[in-house]
Amino acid sequence: MSERIYLSGNEAIAYGLIASGVRFLTGYPGTPSSEILPTAQKLKLRYKFKGFIDWAVNEKVALEMAFSASLCKIKSAVTMKQVGLNVAMDAFVNSAYIGPKAGFVVVVADDPGPYSSQTEQDSRIAAYFAKVPVFDPSSVEEAYHFAKKALELSEEFEIPVLLRTTTALSHGKADISIDNLKIEDQFQPNFKEELKNWEKEVSKLAATPKQRYLLHKALNEKLKAISERNKIRYFYEGDILILSSGMVFSYLRELIEEYNLQQKVTLGKVDIPYPLKKENFSKFKRIITVEETAPVIELFLNTEGRRNGIVPSEGELSPEVCENILAKIGLISEKKTVIIPPLKRPSLCPGCGHRIGLFAVKKVFGKKAIYTGDIGCYTLALNFGVTDTVFCMGAGVSFATGMKKVFDLSGKERMVIGIVGDSTFLHSGIPPLIDAYHYRVPILLIILDNETVGMTGNQKTPAHTKSYEGEPLNSVKIENIVKGIGIEFVKVVDSYEYKKTLAVLKGAKSYLLENKKSAVVILKHPCIYTKEGLEKNPKKPVKIVEEKCTGCKYCIVEFECPALIWDKDKEKVLIDKTLCINCGCCIYVCPKKAIIEVKDGACNTW
Amino acid sequence: MELVILGKGGQGVLFFSKILAQIAIEEGESVKATEIKGMAKKGGVVEVQMKIGEGYSPKIKRGSADLVILLSPDLEAYGKTFGEKIFTFSKEEIEKAFKEVPLRYVNTYLMGIFLAKTGIFDINKALKILDEENQKSLLKGYAYVQSQNGDFTKRRD
């Protein structure tokens with residue numbers, strides 16, 4: 001039995017994993033992968049099967065937990081974005097040598113473009129590096145089926161399998177046919193039964209280098225067997241062969257039909273880009289690979305593509321880019337490039353606690369201080385000059401430490417302030433703070449604690465006290481971690497309490513200068529993008545006193561709230577009431593005191 | 001049919017596109033769509049590309065959309081990169097929607113206007129997938145256009 005439902009690629013992957021029996025699923029949020037795990041949680045709530053489906057503190061921990069579950073014969077999977085796989089790489093490469101005892105799938109979402117990532121790296125290359133087979137689905141329907149196939153392949157060969165998706169697929173939607181999930185026979189695997197006969201296998205699970213050599217050899221044999229049955233599927237019947245995988249395949253298929261190239265082109269679909277077997281292509285005049293974002297099939301099968309400049313080496317291979325590629329091959333005439341007008345840059349939400357908090361930081365430490373930022377919504381503070389570096393998760397802390405050390409060595413006084421969010425701090429900000437403390441580096445670390453993973457859609461953090469199922473959880477307190485390291489100056493303040501925040505920051509500044517030790521200020525304010533956060537947020541409606549506003553634009557430039565807009569005719573600032581959430585923070589910003597609170601709810605004067 | 005729906009976060013772009021997709025599915029058509037949400041949430045640009053009854057991928061090539069639906073008029077230049085034919089709601093229509101129905105049903109009211117003006121889908125299919133309150137709101141929007149036009153002949157072209 002099957003039903004048709006309208007799903008995103010990420011949702012389809014979750015359905016596929018759960019339908020094939022995954023009962024242990026972890027991950028770390030990261031666009032465009034974040035919706036997979038919550039979808040599986042919804043299925044768990046709906047079907048009430050046993051298992052563990054929840055976030056881990058970072059991708060390495062997530063992968064290790066899921067892999068260890070597979071060693072206990074529970075089908076497992078882990079989700080992350082492509083840069084998250086870098087964090088988990090040590091565990092990932094190792095997992096191929098050891099091999100799971102039950103199906104184990106690593107789902108990684110790449111971000112060609114990039115739309116919301118630091119790199120355009122191709123996880124299919126990472127799969128090759130780690131010697132792990134990789135599926136590359138081309139549609140939402142395939143995402144569902146490949147999730148199942150990946151698990152089956154993993155079970156059969158006792159090898160981890162990577163399921164690679166991209167932004168276009170993860171966030172793409174389609175009505176697809178899926179098997180009805182049956183609770184009674186599929187959703188209650190007997191944990192006790194599976195675990196009863198669990199035996200130690202030290203030669204494998206704690207392998208020495210000598211045994212590792214043998215494991216490597218066994219892994220190579222598995223890969224060879226998989227490559228033997230890995231067949232390219234062919235569409236159309238021309239004498240130019242275009243090979244592709246992933247969403248790009250679907251764009252090419254559309255273009256070939258749009259331009260009636262069915263007699264000129266054969267389109268080869270590669271479901272598993274690694275491990276591939278050499279095929280006989282002698283009947284084709286040319287062989288070209290079009291794939292996102294790195295040459296993988298191209299290198300293995302020695303074809304044209306990026307090596308001769310037909311395929312661009314950076315950026316998403318959108319339908320328009322694929323059209324240009326067909327023109328470069330000589331199949332169609334050159335197309336005019338569409339000039340896309342730029343959209344308004346993104347900024348922090350109106351009322352975001354990070355904005356007023358970081359405005360206070362800028363007020364106390366000035367523009368000369370170096371602000372080493374991190375990955376999260378607060379990266380957008382670069383719009384108003386409170387973020388000078390953005391690198392990778394946790395680097396806000398290590399960059400501050402390294403840079404400050406250099407300034408100290410050179411004898412030049414320069415304030416260096418690290419900025420990191422709560423979830424990012426727990427993810428990978430703790431180790432560099434240990435070094436900052438240990439080496440007595442006088443940095444100030446601002447930890448922005450909004451009690452959620454904001455940027456990726458408000459996922460749970462380890463500070464939460466309840467799971468999605470209502471189970472009690474231990475709440476991790478960031479200030480305890482900081483104090484536990486040994487840092488003496490640790491202050492917590494709600495960033496909405498602007499004057500108090502200023503006082504705390506001034507205290508931190510004196511402490512740094514006098515004591516030459518690391519200090520930490522935790523600026524707390526719940527994310528107003530969550531329902532509870534918005535409901536509990538203080539309400540302080542404001543208005544602009546027209547006579548006082550001199551049109552200096554200080555609030556627009558230095559505070560950058562989207563609800564503060566410029567009235568071109570009057571040359572004064574206006575409040576966009578459709579965006580304003582009445583947080584009242586901008587009252588503290590205007591140097592002319594032209595923004596005032598409206599008492600008695602008489603805010604219709606806007 | 002290739003549609004692009006553009007607006008700002010909070011304007012109901014996703015709701016609007018979800019309803020359209022459901023109507024199409026109800027009509028027995030396949031639907032493929034992609035949602036692009038900006039980093040900033042409230043006020044950020046939300047873009048939905050949707051193919052109904054055609055294609056293999058959800059992405060629409062610039063210049064090839066049959067209709068671009070703008071929920072935010074300032075996105076017109078951007079919207080036009082997808083296709084020449086633009087649909088927007090007039091100021092009067094939006095004001096009417098806010099006046100006629102409670103806030104949470106404004107989008108279905110506008111959907112009624114959209115269906116009446118474009119004739120893309122059968123109104124009865126739309127009614128089938130909505131709850132009672134939304135049905136009422138949809139019909140009100142639909143009726144508003146008919147009352148403006150006198151007779152209902154203003155179809156797709």
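Which residues touch the most other members of the largest nonpolar core? The views below are of a predicted model, in which local features need pLDDT of at least 70, side-chain atom pairs count only at pLDDT 80 or more, and totals for chains, interfaces and linings use all residues. Residues are numbered from 1 along each chain as its sequence is written, and chains are lettered from A and ligands numbered from 1 in the order in which they are written.

**View 1. The largest nonpolar core has 142 residues.** Leu17(A), Ala66(A), Val105(A), Ala147(A), Leu163(A) and Leu252(A) touch the most other members. Helix α7 (residues 140-157) of chain A gives the most to this core, with 8 residues. A nonpolar core is a set of buried Ala, Val, Leu, Ile, Met, Phe, Trp, Tyr and Cys residues joined through C-beta atoms within 7 Å; buried denotes 20 or more other C-beta atoms within 10 Å, exposed 12 or fewer, and partly exposed in between, with C-beta atoms placed from the backbone.

**View 2. Val105(A) and its contacts (C-beta atoms, placed from the backbone, within 7 Å).** Not counting residues up to four places away in sequence, Val105(A) touches Leu17(A), Ala77(A), Ala147(A), Ala150(A), Leu151(A), Ser154(A), Val161(A) and Leu163(A).

**View 3. Helix α2 (residues 36-47) of chain A has 12 residues.** Helices (H or I, at least four residues) and strands (E, at least two) are DSSP runs, numbered from the N terminus. Among the buried residues of α2(A) are Ile36(A), Leu37(A) and Leu43(A); their cover includes α1 (9-19) and β5 (104-110) of chain A. Lys48(A), with a positive phi near 50°, follows α2(A).

How values were computed
The expected span of a helix is 1.5 Å times one less than its number of residues. Two residues are in contact if their C-beta atoms, placed from the backbone, lie within 7 Å.
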